[in-house]
Amino acid sequence: MPELIQQDAEPGRAPAGRSAAAAPPVPGTSPAHRRLRAQIALGARMLSLDGHDDFNQGQISARLPGSDTFYIKNALCGFDEATPDQIVLAAVDHEAPAPKLAPPELPLHQAIYRRRPDVNAIVHSHAPHTLVFGTTDLTLRPVSHEGAYFVGRLGLFTETSNTVLDIGTGELIAEAIGTGHGALMRNHGGVVTGKSVRHAAVFAQVLERACRLQLLAQSTGVAYAHSTERDVALKQDFIYADLSVRSYWDYAVRRVQRVWPQSAEWLTA
């Protein structure tokens with residue numbers, strides 16, 4: 001579904017459903033805040049290279065641990081054109097005024113951050129294989145290393161396939177995720193959570209590959225094998241350990257920098 005851009009409120013009036021008590025948060029200028037915005041932009045670019053583009057739709061967001069605000073890709077730019085300057089700051093509190101360029105699905109991120117203090121980054125995209133997989137009643141199997149990561153950690157949201165425009169829908173999706181690492185959204189793609197931008201961006205790519213490989217196995221029309229419970233546990237502990245995720249992120253950053261050389265300056269600015 002097309003995700004419409006939020007309209008500006010009338011002068012002196014807060015956007016519908018939001019309090020006028022506080023002004024939108026001002027983006028931080030500390031090194032930690034600048035680095036976080038750069039990481040979000042890099043994460044967006046690597047998602048683009050992994051096939052998550054859908055015009056300017058989809059979001060990647062992140063916050064510093066314990067913060068009541070978070071950064072998110074603005075509503076107008078696509079994953080493939082995100083830069084640190086196109087990341088906006090929003091409040092976790094859904095009643096606070098939203099920034100002018102906040103994406104319409106801001107409530108999805110607010111609901112998850114509010115429910116999960118351990119989550120510091122979120123990716124929502126319309127990645128094609130993730131979306132198609134979510135239209136089925138298939139259970140994600142550990143056909144590959146990627147599938148092993150999400151075994152027992154992936155929810156399913158079926159209440160609506162529409163754009164997430166209100167906090168109530170966002171809360172239902174957060175409930176579908178539970179204590180897991182993401183959810184398939186029926187006919188609407190997927191949402192992946194992580195304890196850092198690295199984890200959310202890497203695991204959004206992991207989910208898309210897991211869905212693609214299982215759909216490929218299903219398409220053969222014959223029985224196929226998948227990893228045992230023991231192998232799944234071993235893969236979760238080793239292949240997707242924090243040090244491994246860091247190496248996957250570093251590889252993906254190098255790939256982004258080969259395609260967009262100017263991005264090499266973002267983490268040093």
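What follows is a short chat about a predicted model.

Biologist: What should I know before we start?
Modeller: This is a predicted model: local features need pLDDT of at least 70, side-chain atom pairs count only at pLDDT 80 or more, and totals for chains, interfaces and linings use all residues. Residues are numbered from 1 along each chain as its sequence is written, and side-chain values use heavy atoms, leaving out hydrogens and water.

Biologist: Where does His 109 lie?
Modeller: In helix 2, residues 106-115. Helices here are DSSP runs (H or I, at least four residues), numbered from the N terminus.

Biologist: Is His 109 buried or exposed?
Modeller: Buried, with a relative accessible area of 0%. Buried means under 20% relative accessible area (1.4 Å probe, protein chains only).

Biologist: Which residues is His 109 in contact with, leaving aside neighbours within four places in sequence?
Modeller: Gln 59, Ser 61, Phe 70, Ile 72 and Ile 122. Contact means heavy atoms within 4.5 Å.

Biologist: Switching to helix packing. How do the axes of helix 2 and helix 5 cross?
Modeller: At roughly 50 degrees, coming within 8 Å; helix 5 is residues 167-177. Axes are lines fitted to C-alpha atoms over the stretch in contact, with angles from 0 to 180 degrees between N-to-C directions. So helix 2 is oblique to helix 5. Angles under 35 degrees count as roughly parallel, over 145 as roughly antiparallel, 65 to 115 as roughly perpendicular, and the rest as oblique.

Biologist: And what about helix 1 and helix 6?
Modeller: Axes of helix 1 (residues 31-49) and helix 6 (residues 197-219) come within 10 Å and cross at roughly 5 degrees. That makes helix 1 roughly parallel to helix 6.

How values were computed
Helices (H or I, at least four residues) and strands (E, at least two) are DSSP runs, numbered from the N terminus. Buried means under 20% relative accessible area, exposed over 50%, partly exposed in between (1.4 Å probe, protein chains only).
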